[in-house]
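Biologist: I have the model open and would like to go through a few parts of it. Can you take my questions as they come?

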Amino acid sequence: MSSDDLKTILERLKKPLRYASRDDFAHLKSLTDLEPFVLTQVRELRRLSGDSRGTAALEDLFSGFDALALDMKRSHILQAIAAIDAFGRAAAMQPENGPERLRTSATETTNLHLDTLVQYCKGVGPKRAALMKKLGIATVEDALSYLPWRYEDRGNLKKIARLTYGAFETVSGEVISTEVVQTRRKWVKVFELVIKDGTGVLVGSWFNQPFMQKAFRTGQKVILSGVVKANSYKGGRPQIDNPDYEVLDDDDPESLPIHTGRTVPIYRTTAGLSARALRSIMKSIVDAAVGSVPEPLPAALMKKYGLMPAAQAVREVHFPEHEKDIAILNRGMSAAHRRLSFEELFVLELGLALRKRGVTFEKKGISFKPPVKLEAALRKGLPFTLTSAQERVLAEIKRDMASEHPMNRLVQGDVGCGKTVVALVASLMAVENGYQACLMAPTEILAEQHHRNIVTLALPLGITVVLLTGSLRKKTKETVLAGIASGASQIMVGTHALLEQDVHFHKLGLAIIDEQHRFGVMQRSTLKSKGYEPDVLVMTATPIPRTLALTVYGDLDVSVIDEMPPGRSPIITRLYFENKRREAYQLLEGELSKGRQVYVVYPLVEETEKSDLKAATEMAGHLQKDVFTAWKVGLLHGRMKGAEKEAVMAAFKAGAVHILVSTTVIEVGVDVPNASVMVIEHPERFGLAQLHQLRGRVGRGTHQSLCVLMGPRMFVEETRDRLNAFVRTNDGFAIAEEDLRLRGPGEFFGTRQSGLPDLRAANILRDADLLEKARTEAFALTMADPELAASPVLRDAVGRKWAGKLGLVTVS
């Protein structure tokens with residue numbers, strides 16, 4: 001076999017394919033009879049190389065090529081280019097050893113499968129594999145999903161004479177000298193590379209890296225990128241310190257550079273693995289594995305939304321050739337990014353659709369009858385009438401509970417909108433049908449308050465309500481557990497203690513979970529497993545932006561209580577700084593004089609040496625002794641025992657304590673109508689949603705309520721804007737959207753706790769439009785083809801993405 005002959009065939013094959021792929025495949029339609037041409041060349045390639053396995057992939061790609069749809073032709077061309085390049089590299093490695101060795105090399109390189117461990121990829125090895133694992137990269141599939149976090153334009157080549165000092169520039173030139181220079185300090189050496197381009201001379205300088213001299217030789221063509229400065233020692237010549245560099249391959253003038261002279265991807269890396277090394281590894285993996293990238297999206301869907309093939313998108317997103325706008329790339333809005341984002345969201349929503357279908361359509365639930373007697377008696381005793389929003393949500397819940405399939409519904413509504421009454425009516429529906437209902441809350445204080453409120457309303461109806469928390473004494477707990485197991489207890493209120501192994505329900509029909517953002521899907525699933533497919537009602541006072549409702553709660557039906565009880569005035573919110581503290585205290589004094597009560601909230605329990613935050617314990621004493629001497633100041637924090645907390649809250653509710661200094665344990669659920677002022681110290685330390693929850697603790701009575709934010713002397717501009725946005729609106733949904741935008745989905749909602757697959761390409765805020773489309777298409781597809789039988793590649797993608805996610809979705 002002549003290596004020259006082989007090279008000629010490979011080049012002959014690549015030429016029309018490269019031409020076809022240029023300018024986003026603008027010339028593809030003009031190429032005719034590509035299939036017979038390529039197959040003829042592949043047969044010649046097999047004859048010369050003796051490699052039937054290595055050429056089989058190319059043959060498969062072009063058998064029937066001319067009849068393919070345009071998007072499939074694009075995908076096949078990209079895979080073919082990658083396979084040809086890999087074949088050529090394998091041939092170059094073994095020019096003398098004949099076809100036997102060539103077969104092995106070409107096959108190994110072209111067939112880099114998604115499940116291959118990166119350790120066995122070119123340029124990696126065990127040590128680098130361990131470093132890459134820290135980045136979440138263990139397999140080839142992980143590597144392809146590890147997208148650049150930004151891009152740099154290093155393709156705009158400048159002449160040396162036209163360089164701008166202080167700017168990041170890219171130049172191309174010929175090496176005229178390489179020298180290691182000894183500085184005045186004997187242990188410090190500098191490697192200097194001097195290049196010319198016909199308009200001038202430039203110095204590339206590497207501090208204490210004399211080994212770099214081995215990378216260059218006189219006469220080579222190189223590209224350097226970096227910040228240009230003047231070299232004061234060499235007549236003011238332009239110089240770049242520690243430049244990124246690329247040595248151009250004289251043997252392959254068409255080969256594209258990786259690190260300079262192009263749009264360069266920048267990957268997040270870790271100590272011990274340089275950005276350059278990781279980029280080289282990623283280029284090698286992308287080139288070798290892009291041919292193994294499956295196409296999970298149905299062709300009709302790709303055509304409908306104008307999406308490029310998966311293989312093309314993977315190559316383009318890592319090493320862009322077509323998208324030249326750096327801003328679009330850095331926003332993740334290029335055509336390649338959008339294609340991968342859509343696929344990721346589509347697979348996510350398919351999993352949710354299958355999960356919902358499994359719960360809603362396949363599992364048999366309890367068909368409850370309406371609670372005619374108990375609901376009528378409850379409504380008769382209420383001192384208020386339900387709002388139209390509450391009535392609408394109740395109708396949705398009753399319809400679900402009457403169905404023979406299990407209910408899975410989320411009820412969201414702002415603080416004080418009346419979710420507890422809605423939950424109680426649902427519980428009465430279960431009780432009147434001979435079943436038990438349980439309500440699970442995230443904290444003991446909230447569980448205790450739910451218990452008090454429900455007992456007040458349910459006791460006149462003859463309903464037995466019990467409380468189960470972790471702090472109950474052993475004897476009391478045993479009594480409560482016995483009542484739950486026998487069925488004597490009809491409504492159970494508790495914390496995570498309801499999930500413990502020793503809790504056995506007699507006949508659980510309804511599980512209500514309050515403040516779902518505090519719990520992961522695992523707890524929800526555990527609670528459900530304690531009964532025979534009980535109906536599940538999730539309640540949250542944290543308004544959930546639509547994008548998150550479609551993902552984190554994608555398998556739930558959503559109800560919104562978007563109306564507040566009549567007679568409630570909007571809470572007035574004011575932002576004060578440290579120098580206006582006395583003025584703020586005068587405002588509090590005025591409210592106390594009217595008979596109102598005040599909350600003062602601190603972000604920490606006690607002062608620490610590392611923080612300048614005021615501690616609740618320290619400040620409670622200061623307020624009592626130095627500021628509000630005529631009023632009683634109480635203290636509530638998370639480290640107090642249950643009985644102590646109960647006593648403090650009881651005193652505050654009774655009016656014996658006028659000012660309650662507290663940590664965020666009062667964030668959810670505490671209900672004291674006479675409390676009309678909420679003071680929040682160091683509001684910059686809280687998220688917007690958390691601030692909104694705290695503000696919702698006041699405004700529960702008929703009095704005008706106030707929320708006072710006590711900030712430090714200095715704010716960064718971003719914090720000031722965030723708090724001013726909070727001051728301007730009482731709309732929980734608007735605040736939640738802003739909070740989500742500022743903090744990101746993971747921190748806002750703890751999506752790692754949600755039991756959902758990680759998103760690598762998509763961002764649910766940036767790609768909200770794609771999310772809506774993906775959800776619509778996913779639910780439509782599962783209705784038409786519940787088993788995804790017509791889409792085996794897609795079915796496999798869903799299985800891979802959702803693998804191990806609590807077994808909540810299965811794809812056979």
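Biologist: Strand β4, residues 189-196: how many of its eight residues are buried?
Modeller: Six of the eight are buried, so β4 is mostly covered, with buried meaning under 20% relative accessible area. Keep in mind that this is a predicted model.

Biologist: What does β4 pair with on the β3 side, parallel or antiparallel?
Modeller: Strand β3, residues 168-182, pairs with β4 in the antiparallel sense over eight bridges. A hairpin of six residues joins β3 to β4.

Biologist: What about N242, what is its phi?
Modeller: Positive as well, about 45°, and N242 is not a glycine either. N242 is in the loop between β7 (237-241) and β8 (244-247). With a relative accessible area of 44%, N242 is partly exposed.

Biologist: Change of topic. What is the strand order in the open sheet of six strands?
Modeller: The order is β17-β22-β21-β18-β20-β19, with parallel pairing. At the edges are β17 (572-576) and β19 (633-636), each of which pairs on one side only. From one strand to the next, the twist averages 20°.

Biologist: How many bridges join β18 to β20?
Modeller: Four, between β18 (residues 597-601) and β20 (residues 659-662), which run parallel. V600 stands opposite V661 in β20.

Biologist: Which strands does helix α21 touch?
Modeller: Helix α21, residues 616-627, packs on the sheet and touches β18, β19 and β20. The direction of α21 makes about 175° with that of β19.

Biologist: And where does α23 lie?
Modeller: Across β17, β18, β21 (675-681) and β22 (706-710). α23 runs at about 150° to β21.

Biologist: At what angle do α23 and α24 cross?
Modeller: Roughly 35°, and their axes come within 11 Å. α23 is residues 688-695 and α24 is residues 717-728. The crossing is right-handed.

Biologist: Which residues meet there?
Modeller: From α23, L688, L691, H692 and R695 meet R722, L723 and F726 of α24. By class that is four nonpolar, one polar and two charged residues.

Biologist: Last one: E777, buried or exposed?
Modeller: E777 has a relative accessible area of 14%, so this residue is buried. E777 is part of helix α26, residues 768-784.

Biologist: What is E777 in contact with, leaving aside neighbours within four places in sequence?
Modeller: L301, K304, Y305 and F346.

Methods:
Residues numbered from 1 in each chain as written. Predicted model: local features only at pLDDT ≥ 70, side-chain atom pairs only at ≥ 80, totals over all residues. Heavy atoms only, no water. Axes fitted to C-alpha atoms, helices over the stretch in contact; angles between N-to-C directions. Helix = DSSP H or I, 4+ residues; strand = E, 2+ residues; numbered from the N terminus. Left-handed = near helix turned anticlockwise from the far one by under 90°. Contact = heavy atoms within 4.5 Å. Nonpolar A, V, L, I, M, F, W, Y, C, P; charged D, E, K, R; others polar. Buried < 20%, exposed > 50% of the residue type's maximum accessible area, 1.4 Å probe, protein only. Pairing = 2+ DSSP bridges.
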